[in-house]
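Please look over the structure before reading on.

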Amino acid sequence: MKGDIIKKFLVFLFSFILFLSFLTLNIVKIDAKKVKILDNSGPFYFEDATYYLGKLYGIKIDPEILKEHENLFSEKDTFCIVLMYHNIYTNKRINSYDVSKNDFLKHIEILKKYGFENITLNDLYYFVKFNKKIPKRSVVFTFDDGFKSVMLASNILKENGFNGVASLITGYIDSSWEVNKGEIKTLISNKFEISLHSHKFHNFYLELLKEKNYKKIEEDIKTSKKYFKYNFKIEPIAFTYPLGAFDDKIENILENLNFKLGLGLCKNFVNKYGEDPLYISRIEISERRKYSDPKKFEKLIKMITNSN
Ligand SMILES: [Zn+2]
């Protein structure tokens, strides 16, 4: 019995020494200039970067590596706000979710005044998941339901050096109110991004969730994905939860379908490193929530920048 314990202890000691010697052998000086980041924009960026920098012992001892590290990772107080718009109207609003073009222009000015910079969905994912370096105050504009006015919004954003995301209900593309295929192609060629937002069942997701009809939800998301890939040769990395319908099971469905981001409603005002990329918090900017009013919008932005 006693011999057994001694034997186990010796095996443990031996493994531990082996582990220590492994660590020691791995403390090699890495030449930061030789750190190769294979793809600076694509989804492999971070895997490559963290792979090379993964030899974290190096970071502590080599100032070059430390510099490289600072270039790759965000500072502690970095955050990203994601704004949720629906229709942008010029003359007549459709409903209380709308925002007027003039107010929208003012929102952009306010964000610029407070030093906000635009990032892509990919950057948002890598920031939340791995703390990828993004501007300290980042913003993503999203437009839900694919109203035709997203074309106007996209032009306004472009003129201001910004970009955005259209959440499309794929089953209604080419309908009277949603953007058509040609317009979507224009958006894509302008590097406007796409998030899927259901195929045909947008208005029923909360009901389906209540009935626990995950099968139907999954089918709808799959159809949307398939439709988009077939027509535009693109597989969007984001899904926007219709009516905010969300739970662990829907999150699992998205994960299994290789979505990286799930765009939700306002759980928090900001998104930070370490949070769940499959539930990105968004702030609804609409006339019904009153944040469309430029004065209220500025107050909100001021509050967010002061408290983060
Ligand atoms: Zn919607």
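Which residues of β5 are buried on one side, and which on the other?

The model shown here is predicted. In it, strand β5 spans residues 137-144, and eight of its eight residues are buried. On one side these are Arg 137, Val 139, Phe 141 and Phe 143.

The division into two sets follows a simple pattern. Side chains in a regular strand alternate between the two faces of the sheet.

Strand β1, residues 79-85, pairs with β5 in the parallel sense, and seven bridges join the two. Within this pairing, Val 140 of β5 is the bridge partner of Val 82.

Strand β4, residues 117-118, is also parallel to β5, here over two bridges. Glu 117 has Ser 138 in β5 as its bridge partner. Between β4 and β5 the chain passes through helix α6, residues 121-130, in a right-handed β-α-β crossover.

## Onward to β6

Strand β6 covers residues 164-168 and runs parallel to β5, with four bridges between them. Opposite Gly 164 of β6 stands Phe 141. The path from β5 to β6 leads through helix α7, residues 150-159, and this β-α-β crossover is right-handed.

## Two loop residues with positive phi

Where does Asp 174 lie? Its place is the loop between β6 and α8, the latter made up of residues 181-189. Phi of Asp 174 is near 80°, a positive value in a residue other than glycine. Is Asp 174 buried or exposed? Asp 174 has 12 other C-beta atoms within 10 Å. The cut-off for exposed is 12 or fewer, so Asp 174 counts as exposed.

Asn 258 is not a glycine either, yet its phi is positive, about 70°. Asn 258 sits in the loop between α11 (248-256) and β9 (261-263). Why is Asn 258 called exposed? Asn 258 is exposed because 9 other C-beta atoms lie within 10 Å, and a residue with 12 or fewer falls in that class.

Technical notes: Residues are numbered from 1 along each chain as its sequence is written. A residue is buried if 20 or more other C-beta atoms lie within 10 Å of its own, exposed if 12 or fewer, and partly exposed in between; C-beta atoms are placed from the backbone. Two strands pair if DSSP finds at least two bridges between them. A crossover is right-handed if, with the strands pointing away from the viewer, the path from the first strand over the helix to the second runs clockwise.
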